[in-house]
Amino acid sequence: MWAAGDKRQLQEKWTHEDVMGATAHIVEYQPDLELKFKADDIAVRAKMSDYGDSIHIARMNGKYVLLIEADGLHFEKGMSPIELLHPEDIEQVLARMRGRPRPGH
């Protein structure tokens with residue numbers, strides 16, 4: 001039933017290494033297989049082979065955290081202030097996230 005559902009949640013049953021092994025096996029036969037999911041209202045669309053290489057999923061303060069590695073960022077038409085950002089070092093961002101209160105506390 002879980003696999004047939006339209007909206008499925010992370011099952012939290014396998015380790016990162018287990019998922020990497022299963023993903024490698026699947027990608028061997030279907031190299032262009034898509035990976036699509038949502039983190040709340042944020043849509044992520046990539047290749048399955050990107051998991052563990054440039055897309056990482058973790059937990060922090062009781063929430064899921066996505067880390068996406070890229071050589072560049074490209075924005076659609078229109079201007080946003082985010083396009084002017086000088087990115088912080090990852091350690092600064094993680095420290096800020098760690099300093100937030102945990103849900104329910």
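Student: How many aromatic pairs does the structure hold?
Tutor: In this predicted model, the count of aromatic pairs for the structure is zero.

Student: OK, and what sits over the ring of tyrosine 64?
Tutor: The charged end of arginine 59 is placed over that ring of tyrosine 64, at 4.7 Å from the ring centre.

Student: Switching to charges, how many salt bridges does a search of the whole structure find?
Tutor: The search finds five salt bridges, and one of them joins the side chains of aspartate 32 and lysine 47, with an N to O distance of 3.2 Å.

Student: Which parts does the pair of aspartate 32 and lysine 47 tie together?
Tutor: Aspartate 32 belongs to the loop between H1 and E1, whereas lysine 47 belongs to strand E2, so the pair links parts that lie 15 residues apart in sequence. As a general point, side chains of opposite charge can pair when their charged atoms come close.

Student: Now pockets. How much space lies in the largest pocket?
Tutor: The largest pocket holds about 2100 Å³ of space, and its lining consists of 38 residues, with Gln9, Leu10, Gln11, Phe37 and Ile57 lying nearest the centre.

Student: Which elements give two or more residues to that lining?
Tutor: Those elements of the largest pocket are helix H1 (16-29) together with strand E1 (34-39), strand E2 (42-47), strand E3 (55-60) and strand E4 (63-68).

Student: And how do the lining residues of the largest pocket divide by class, nonpolar, polar and charged?
Tutor: The lining of the largest pocket has 22 nonpolar residues, 11 charged residues and five polar residues.

Student: What about the second largest pocket, how much space is in there?
Tutor: About 940 Å³ of space lies in the second largest pocket, which is lined by 28 residues, and those nearest its centre are Leu67, Ile68, Glu69, Ala70 and Leu73. The elements giving two or more residues to this lining are E2, E4 and helix H2 (90-98), and the largest share, five residues, is supplied by H2. By class, the lining of the second largest pocket comprises 18 nonpolar, eight charged and two polar residues.

Student: Backbone next: what is phi of glutamate 12, and where does glutamate 12 lie?
Tutor: Phi of glutamate 12 is near 55°, which is a positive value in a residue other than glycine, and glutamate 12 lies in the segment before H1. In general, most residues other than glycine have a negative phi.

Student: And what about phi of aspartate 40?
Tutor: For aspartate 40, phi is near 55°, again a positive value in a residue other than glycine, and aspartate 40 is located in the loop between E1 and E2.

Student: Last one: which residues does the UniProt domain annotation cover?
Tutor: The UniProt record, an unreviewed entry, carries the annotation "domain: DUF3898" for residues 10-98. In the model, the end C-alpha atoms of residues 10-98 are 22 Å apart, and the span is 26% helix and 27% strand.

Methods:
Residues are numbered from 1 along each chain as its sequence is written. This is a predicted model: local features need pLDDT of at least 70, side-chain atom pairs count only at pLDDT 80 or more; totals for chains, interfaces and linings use all residues. Side-chain values use heavy atoms; hydrogens and water are left out. On a 1 Å grid over the protein atoms alone, a cavity is a set of points where a 1.4 Å probe fits but cannot get out, and a pocket is an open set with protein on both sides within 12 Å along at least five of seven lines; lining residues have an atom within 4 Å of a point. Grid points are joined across faces, edges and corners, and a volume is the space filled by probe spheres set on the points. Helices (H or I, at least four residues) and strands (E, at least two) are DSSP runs, numbered from the N terminus. Ala, Val, Leu, Ile, Met, Phe, Trp, Tyr, Cys and Pro count as nonpolar, Asp, Glu, Lys and Arg as charged, and the others, Gly among them, as polar. UniProt positions are given in the numbering used here, feature names are shortened, and annotations may be inferred rather than shown by experiment. Rings of Phe, Tyr and Trp (its six-membered ring) pair if their centres lie within 6.5 Å; planes under 30 degrees apart count as stacked, over 60 as edge-to-face and the rest as tilted. A charge sits over a ring if NZ of Lys or CZ of Arg is within 6 Å of the ring centre and within 35 degrees of the ring normal. A salt bridge is a side-chain nitrogen of Lys or Arg within 4 Å of a carboxyl oxygen of Asp or Glu.
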